[in-house]
Amino acid sequence: MPYIQVKDLEMFYERMGTGDIVIFLHSGYSRGIIAFACQMLDFQRQYNCYLPDFRGHGRTRCESLEWSTPQIADDLIAFMDRMDIRRAHLIGYSLGANVGLYAAVNHPERVATLTTIGTGGFCDPTGVEEFEPEWIIAKGMQNTINSMLERHMEAHNGNWQEHMRQSAQDWRLYPQLTKEQLSSISCPSLFITGEHDPFAGEERVKQLTSLVHGSKYLVVPNGSHRPHMLRENPVLVNDTILQFLESNDF
């Protein structure tokens, strides 16, 4: 499995397919191959797909356990530099969607298109307290603990509690982009939400679309926060994104 040195990271990534480059940006509490399991086969037929594990997540290693959305966006650009990727289509889910927004705002020349799933573009800490380690221990959520240990052992060296604290802190703080910054996004953009996503939803993505010139949005019927995943509607989501990318090839 490939690792590459990116700043202070031993960054793990997976790559498959050929064609124009798509970088998949995973959600919090997850890693690339898990967050986009239902996209890999469809997209690798037409695109050269990269799935990096973020700082603090998955199999990416670092001495520091601290991370934030803006820091991960900077890591993404450094990863592209190390891989000699001049521009790429970005597809981000939840945390990764916000990473994509930061990249599009701060490094517009590197982003060919931006697709987000599960973000309204503004900070919303609703429900974050249920992801604090103290809450998880008090509620006896051993399955969650086991999952965080299994998914992120290389990233946090078994310190799942610090991983959850960092995640909760980031959730409370980001994104911190102003309407003016979001309005500066110049690449073709597609914003996707599930109909019943408590963190995005139609009204929020409509607002985001109104700020980003020329952007489009999709509301997935009956979808939750993860409409692209198994048991939801990955076919609709994949087909919509693929059509969007085909109309904006670079």
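Helix H1 (32–35), H4, helix H5 (133–138), helix H6 (142–156) and helix H7 (160–173) each contribute at least two residues to the lining of the largest pocket. Helices here are DSSP runs (H or I, at least four residues) and strands are runs of E (at least two), numbered from the N terminus. The model is predicted, so local features need pLDDT of at least 70 and side-chain atom pairs count only at pLDDT 80 or more, while totals for chains, interfaces and linings use all residues. Residues are numbered from 1 along each chain as its sequence is written, and side-chain values use heavy atoms, leaving out hydrogens and water.

**Largest pocket**
- The volume of the largest pocket is about 910 Å³; a volume is the space filled by probe spheres set on grid points joined across faces, edges and corners.
- Of its 41 lining residues, Ser 27, Gly 28, Tyr 29, Ser 94 and His 225 are the closest to the centre.
- On a 1 Å grid over the protein atoms alone, a pocket is an open set of points with protein on both sides within 12 Å along at least five of seven lines, a cavity is a set where a 1.4 Å probe fits but cannot get out, and lining residues have an atom within 4 Å of a point.

**Cavities**
- There are 2 cavities of 30 Å³ or more.
- The largest cavity holds about 60 Å³ of space, and H3 gives the most to its lining, with 4 residues.
- The second largest cavity holds about 40 Å³, and H7 supplies the largest share of its lining, 3 residues.

**Nonpolar cores**
- In the largest nonpolar core, of 42 residues, Ile 23, Leu 76, Leu 90, Val 99, Leu 114 and Ile 185 touch the most other members.
- Apart from this core lies another, of 23 residues, among them Phe 36, Leu 51, Ile 91 and Leu 190.
- A nonpolar core is a set of buried Ala, Val, Leu, Ile, Met, Phe, Trp, Tyr and Cys residues joined through side-chain atoms within 4.5 Å.
- Buried means under 20% relative accessible area, exposed over 50% and partly exposed in between (1.4 Å probe, protein chains only).

**Helix H4**
- H4 is mostly covered, with 11 of its 12 residues buried.
- At 1.5 Å a residue, the 12 residues of H4 should span 16 Å, which agrees with the 17 Å between its end C-alpha atoms; the expected span is 1.5 Å times one less than the number of residues.
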